[in-house]
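Please keep the sequence and the 3D view open while reading.

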Amino acid sequence: MRISLCTITFRHQLVSLEDIALWARAHDFQGIELWGVHARNLAGHPCLNAAWLHDLGLTVSMVSDYLPTEGDKAVIERKAHALSQTARDWRARKIRTFAGTRGSLETRDRERARVTEGLRRICHIVADEGQELLVETHPNTLADCAASTLQLITEVDHPALKINFDALHVWEGGDDLGAAHEALLPHIRHYHLKNIRSRADLALFEPSNVYAASGRRDGMTPLFSGKVDYVSFLTELAVDPAAEASLEWFGDDAFDVLARDRGEIARVMVGRSLGVSEAVV
């Protein structure tokens, strides 16, 4: 499995892409998931590009952003074209976004139709560049549970629409993680891996907290220390060497946590692929 780190991890830290990339290479990461605002602002640094990353043995696995799906069609198309161009500049074939801003149970049919039409419009644009649009499984969107996510795929009805499977948020939505993964597997193109201490701490990932420099981080845990059973989940992924995932860490001590999680993922994946039962300590 190819593992990336996310530049959003360093949203409140003064760390350059050069330092991040060199560290990623030294710690067995194969890719960088570029936060959209970072990707756009790096356009003024012509020496920092896809070719430079390739020389380091790295790729941009995905550009992650927040495209509008409702409102003025011209605005939707303009922003989709711009992000597609940014992804093309970084040789990234995957663009991550969200399916609206309201949960499936709170969304009326007419509103749902507007979101699906917006996603279909974006899919047409990115497909022309040979790219895929990945909708993330996430609360307060139309991909907040497996049933609604599958319905969304049917409604958008475009081959460029795929899924970024965020395991924690699938668990948060109440689905059985294994069953949801099996149901969505034909459409999954990327995974986000993160964990949390308890359900009581899920509010830590709400935008008002997670994007705030002074937000709480105390309930965020390393990958194998929280409520989601990643040893079992990674067992499922071990059978697919082409799977791609990102460690999405939002807490403190980023380099230390990412290094430990990356090493433990490698041990679990090797052990499981050999049929060896291994405890993570």
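Helices (H or I, at least four residues) and strands (E, at least two) are DSSP runs, numbered from the N terminus. The model is predicted: local features need pLDDT of at least 70, side-chain atom pairs count only at pLDDT 80 or more, and totals for chains, interfaces and linings use all residues. Residues are numbered from 1 along each chain as its sequence is written, and side-chain values use heavy atoms, with hydrogens and water left out.

**Pockets**

A pocket is an open set of points on a 1 Å grid over the protein atoms alone, where a 1.4 Å probe fits, with protein on both sides within 12 Å along at least five of seven lines; lining residues have an atom within 4 Å of a point. A volume is the space filled by probe spheres set on the points, which are joined across faces, edges and corners.

| Pocket | Volume | Lining residues |
|---|---|---|
| Largest pocket | about 600 Å³ | 36 residues |
| Second largest pocket | about 250 Å³ | 18 residues |

In the largest pocket, Tyr66, Phe98, His138, Pro207 and Tyr211 lie nearest the centre. Two or more lining residues come from each of β2 (31–35), β4 (94–97), α7 (167–172) and α9 (207–210). Of the elements, β2 gives the most, with three residues. This lining has 16 nonpolar, 11 polar and nine charged residues, where Ala, Val, Leu, Ile, Met, Phe, Trp, Tyr, Cys and Pro count as nonpolar, Asp, Glu, Lys and Arg as charged, and the others, Gly among them, as polar.

In the second largest pocket, Ser61, Arg93, Lys94, Arg189 and Glu244 lie nearest the centre. Both β3 (59–64) and β7 (188–193) give two or more residues to its lining, and β7 provides the largest share, four residues. The lining of the second largest pocket divides into seven nonpolar, three polar and eight charged residues.

**Helix α5 and the cysteines**

Helix α5 (residues 109–127) has 19 residues and should span 27 Å at 1.5 Å a residue; its end C-alpha atoms are 26 Å apart, which agrees.

No disulfide (a pair of cysteine sulfur atoms within 2.5 Å) is found in the whole structure. For Cys123, the nearest cysteine sulfur is that of Cys145, 19 Å away. Cys123 has a relative accessible area of 0%, whereas Cys47 is exposed (over 50%), at 64%.

Technical notes
Buried means under 20% relative accessible area, exposed over 50%, partly exposed in between (1.4 Å probe, protein chains only). The expected span of a helix is 1.5 Å times one less than its number of residues.
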